[in-house]
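Work through the exercises below with the sequence and model open. Try each task before reading its solution.

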Amino acid sequence: MTNINDILTKHAAWLRDEPDGERADLRMADLSMADLREADLSRANLSMADLSMADLSRADLREADLRMADLSRADLREANLLRADLREADLSRANLREADLRMADLSRAIGNFAIGSFGRH
């Protein structure tokens, strides 16, 4: 896989509508334990990605596709998950303190985490 920093740079350019930009496609990527603090992954495709134990604190994940992603034990403190698609995501023991989950789709997501717990519906 291409270097994550290169992907983030191209994604940032895509978000600015620059010609050399490219939406981050990290479907099924192994990003376990990755340091993604304050990363701008808004509108990125992270479906089925392994983000277990990743540091996503203060990350921008607005409108990100996180369907079936493994976010177990991830640090999502103060992350912006506004309108993120978290259907069937595993949020077991994830830290979501002060995360913005407004309008996020948590259908069939599972987890026990710092601010509460929920199960499959």
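The exercises go from the helix to the loop, then to salt bridges and a surface patch.

The model is predicted: local features need pLDDT of at least 70, side-chain atom pairs count only at pLDDT 80 or more, and totals for chains, interfaces and linings use all residues. Residues are numbered from 1 along each chain as its sequence is written, and side-chain values use heavy atoms, with hydrogens and water left out.

**Exercise 1. The helix**

Then list its buried residues and inspect both ends.

Solution. Start with the limits: α1 covers 4–15. Helices are DSSP runs (H or I, at least four residues), strands are E runs of at least two, and both are numbered from the N terminus.

Next, burial. Buried means under 20% relative accessible area, exposed over 50%, and partly exposed in between (1.4 Å probe, protein chains only). In α1 the buried residues are Ile7, Leu8, His11 and Ala13.

Now the ends. At the start of α1, a side-chain oxygen of Asn3 comes within 2.6 Å of the backbone nitrogen of Asn5. Just after α1, Asp17 has a positive phi of about 60 degrees.

**Exercise 2. Positive phi in the loop**

Take Glu38 and Arg93. Where does each lie, and is each buried or exposed?

Solution. Glu38 is not a glycine, yet its phi is positive, about 60 degrees. Glu38 sits in the loop between α1 and β1. Its relative accessibility is 53%, so Glu38 counts as exposed. Arg93 has a positive phi near 55 degrees, and this residue too is other than glycine. Arg93 belongs to the loop between α1 and β1. With a relative accessible area of 60%, Arg93 is exposed.

**Exercise 3. Salt bridges**

How many salt bridges are there, and which residues form a network?

Solution. Apply the rule: a side-chain nitrogen of Lys or Arg within 4 Å of a carboxyl oxygen of Asp or Glu. The count is 14 salt bridges. One of them pairs Arg16 with Glu18 at 2.7 Å, N to O. Arg16 is exposed at 52% relative accessible area, whereas Glu18 is partly exposed at 32%.

Arg67 and Asp65 pair at 2.6 Å, N to O. Arg67 is partly exposed, at 32%. Asp65 is buried, at 11%. Both residues belong to a salt-bridge network of Asp65, Arg67, Asp85, Arg87 and Asp105.

Glu88 bridges to Arg108 at 3.1 Å, N to O. Both lie in the loop between α1 and β1, so the pair ties together parts that are 20 residues apart in sequence. Glu88 is partly exposed at 30%, and Arg108 is partly exposed at 39%.

**Exercise 4. A nonpolar patch**

Which residues form the nonpolar patch on the surface?

Solution. Patches take residues with over 30% relative accessible area and no salt bridge; like charges are joined within 9 Å, nonpolar side chains (Val, Leu, Ile, Met, Phe, Trp, Tyr) within 5 Å. Areas come from the Shrake-Rupley method with a 1.4 Å probe, and for residues only the protein chains shown count as cover. The patch consists of Met28, Met48 and Met68, with about 320 Å² of accessible area together. Met48 lies in the loop between α1 and β1 (111–113). Met48 is partly exposed, at 40% relative accessible area.

Key. A polar contact is a pair of N or O atoms within 3.5 Å; within protein, one must be able to donate a hydrogen and the other to accept it, and residues adjacent in sequence count only if both atoms are side-chain atoms.
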